[in-house]
Amino acid sequence: MKRFFLLLLIAATFALASCAGAPATSMPAAPNAVQSSDIDVANLPLNVDVATVRAIMGRDDVVLLDVREPEEYAAGHIPGVQLLPMGTVPARLSDIPTDKTVIVTCRSGNRSGQITDFLRRNGFTRVHNMQGGILAWQRAGYPVER
């Protein structure tokens, strides 16, 4: 079953990559990357793949949240992501913008999926989970800051 989902994820990534355009100006894009302007952030699915996140991450209307622990974040994180550890989210709801698209990430997509569900139950409508977390991000060859 895991192989099936992995193959499905790879196929989806290739399908998105085939819609490539010019790279975003905020960060060099990988070959065949999806162009930011081609993505309607108002209609993203609940779970977003790393190629889509990579394409939209420099936009003013998008915020990336990392819900891992500070030690995990320090070991490597997505450039520009904001740290908001999972355990602090309920007390810091006012720190999460409601006027922007929020992409939540973690190590593998599990904690970020839980937080995405929690935020949606608490009235956030523009919140999405990054599938596969930073592990998928790194497998795709995207940059990590330390």
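Guide: The chain crosses from strand 4 through helix 4 (residues 110-121) to strand 5, a right-handed β-α-β crossover. Right-handed means that, with the strands pointing away from the viewer, the path from the first strand over the helix to the second runs clockwise. Helices (H or I, at least four residues) and strands (E, at least two) are DSSP runs, numbered from the N terminus.

Guide: This is a predicted model: local features need pLDDT of at least 70, side-chain atom pairs count only at pLDDT 80 or more, and totals for chains, interfaces and linings use all residues. Residues are numbered from 1 along each chain as its sequence is written, and side-chain values use heavy atoms, leaving out hydrogens and water.

Visitor: In what sense do strand 4 and strand 5 pair?

Guide: Strands of a sheet pair through backbone hydrogen bonds, either parallel or antiparallel. Here strand 4 (residues 101-105) pairs with strand 5 in the parallel sense, over three bridges; pairing requires that DSSP finds at least two bridges between two strands. Strand 1 (residues 47-48) also runs parallel to strand 5, joined by two bridges.

Visitor: In what order do the five strands lie?

Guide: The open sheet has the order 1-5-4-2-3. Strand 1 and strand 3 (82-83) are the edge strands.

Visitor: Which way do the residues of strand 5 point?

Guide: In a regular strand the side chains alternate between the two faces of the sheet. Val127 and Asn129 point one way from strand 5 (residues 127-130), His128 and Met130 the other way. All are buried, that is, under 20% relative accessible area, with exposed over 50% and partly exposed in between (1.4 Å probe, protein chains only).
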